[in-house]
Amino acid sequence: MESTDIEQNAPDSILDQDLYKFCMQQAVLEHYPDVHVEYGFVNRDTTCRFNTESFDWLRLRIEAMADIAATEADIDYLRTTCPYLSEEYLQYLSAFRFSPSDEVSCSFDETSGELHLQVRGKWSQVILYEIPLLSLISESYFKFVDTDWNYDGQFDKIVAKGNKLVEAGCNFAEFGTRRRRDFKTQDIVMAGLLSITSCGPGKLTGTSNVYLARKYAVPPIGTVGHEWTMAIAAIEGTYENGNTLALNKWYGTFKGSLGIALTDTFGSKAFFANFNRELATKYSGVRHDSGDPVEFTRAVCAHYSSLGIDPASKVIVYSDGLNAETAVALKRHADDCGIKCAFGIGTDFTNDFTHASDPSTKSRAANIVIKLFKCNDNFCVKLSDVATKHTGNSEELKHAQSRLLNAGLLSE
């Protein structure tokens, strides 16, 4: 049965945020405090269109972000729970304020239903917008456009998923803030995952959402996003060595904490070429976020072995569009390959609904992202292992592909 402590609305808390954004903000302040950036909203689903009511609600909620500020209790929690966040950074965060009237531009085409949104400003200042904006955009859509749904069965559904994962020995975290249907759904998910009855070998390792981590007394989980490598490659003018620079700077800030390397910013071939023995030793593992996870697992194990590193000493974190069934299958494959694994499950946890009028049909989650487009007027791109996940200026994407192909770092 659903907990009576479920919150109906999102809290006006700076901690209603994914942990990795705080970590990246600290790294940006250390390495690139004065870089100016531009982010853009991308709707990957051409059938997902907004209406006037959703846009008006969204605009008001964005304006209200100006009132969000870290409390003393928030800072104390981060200080105690996240020792890798420096005191200097925590002092910065305690004084941090969003300024959406200056930093966020948002418009709506009533004819097409298309939403346009950009974020501009100092990277260190505007880096925290992505996650709350995405969650608000998703909520606006399901509050005013697709309204044929309800919360019936959500608690029992997440308990069943959690039990399946635990019984199969999967260690997994909840990663669903950015595409949640709304905050209440994510709260139900966390309450459900803490109600798992199975005594299997797997476990819930935490949540990416810092507010809910505190509420449910579980670890906040997160490391780094694609934008870190995208930005550094653009700022330093190198796609060929972008991963190397990003990994070294990240390690320099966190000294081994948060040691999961993201592999697909410019394709896994370029990553493995940059992921030398020194870096592979320093980092505790890698994250898979696009492409065939089975082939990726084999490639990771082969790469570690080629460097004289036992794959059994490392971990793969899988996070690409997972559900309980795919996670269980990947756990078996990772075990067969002799490498440890963990899972970050997002949309399938926090936006898995059917239509109330016809429970046999899905109420599909919005497929939306906010990506870094420019750093200091240089275009930023992402060359995922799946072409549909490529982002950035089309000409710069071609330029990046050409450079990586010429260097033998991109598969034809």
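User: What gives the most to the lining of the largest cavity?

Analyst: Helix α7 does, with four residues. This is a predicted model. Two helices, α2 (52-64) and α7 (130-144), each supply at least two residues of that lining.

User: How do you know how many cavities there are by this rule?

Analyst: The count takes in cavities of 30 Å³ or more, and it comes to two.

User: What makes a residue part of the lining of a cavity?

Analyst: A lining residue has an atom within 4 Å of a point of the cavity. For the second largest cavity, the residues that meet this include Val 224, Trp 228, Asn 243, Trp 250, Leu 262 and Tyr 283.

User: Which elements give two or more residues to the lining of the second largest cavity?

Analyst: They are α11 (226-236), α12 (242-254) and β6 (260-262). Helix α12 gives the most, with four residues.

User: What does Gln 25 touch, not counting residues up to four places away in sequence?

Analyst: Gln 25 touches Tyr 89, Tyr 92, Leu 93, Phe 96, Ser 124, Ile 127 and Leu 128.

User: What makes the approach of the side chain of Gln 25 to the backbone oxygen of Ser 124 a polar contact?

Analyst: The side chain of Gln 25 reaches that oxygen at 2.9 Å. The cut-off for a polar contact is 3.5 Å, so a distance of 2.9 Å falls within the limit.

User: Is His 303 buried or exposed, and why?

Analyst: The relative accessibility of His 303 is 14%. That is under 20%, so His 303 counts as buried. The place of this residue is in helix α15, and His 303 touches Phe 272 and Phe 275, leaving out residues up to four places away in sequence.

User: How far apart are His 303 and Asp 289?

Analyst: They are 14 residues apart in sequence and 18 Å apart in space, taken C-alpha to C-alpha.

User: What is known of the second largest pocket?

Analyst: About 320 Å³ of space lies in the second largest pocket. Of its 21 lining residues, Gly 267, Ser 268, Lys 269, Asp 385 and Ser 411 are the closest to its centre. Two or more lining residues come from each of α13 (268-274), α15 (293-306) and α18 (394-406). Helix α13 has the largest share, four residues.

User: What is the make-up of the lining of the second largest pocket by class?

Analyst: Nine residues are nonpolar, eight are polar and four are charged. Lys and Asp count as charged, so Lys 269 and Asp 385 are among the charged residues of this lining.

Methods:
Residues numbered from 1 in each chain as written. Predicted model: local features only at pLDDT ≥ 70, side-chain atom pairs only at ≥ 80, totals over all residues. Heavy atoms only, no water. 1 Å grid on protein atoms, 1.4 Å probe; cavity = no way out; pocket = protein on both sides within 12 Å on 5 of 7 lines; lining within 4 Å. Points joined across faces, edges and corners; volume = space filled by probe spheres on them. Polar contact = N/O pair within 3.5 Å; in protein donor to acceptor, adjacent residues only side chain to side chain. Contact = heavy atoms within 4.5 Å. Buried < 20%, exposed > 50% of the residue type's maximum accessible area, 1.4 Å probe, protein only.
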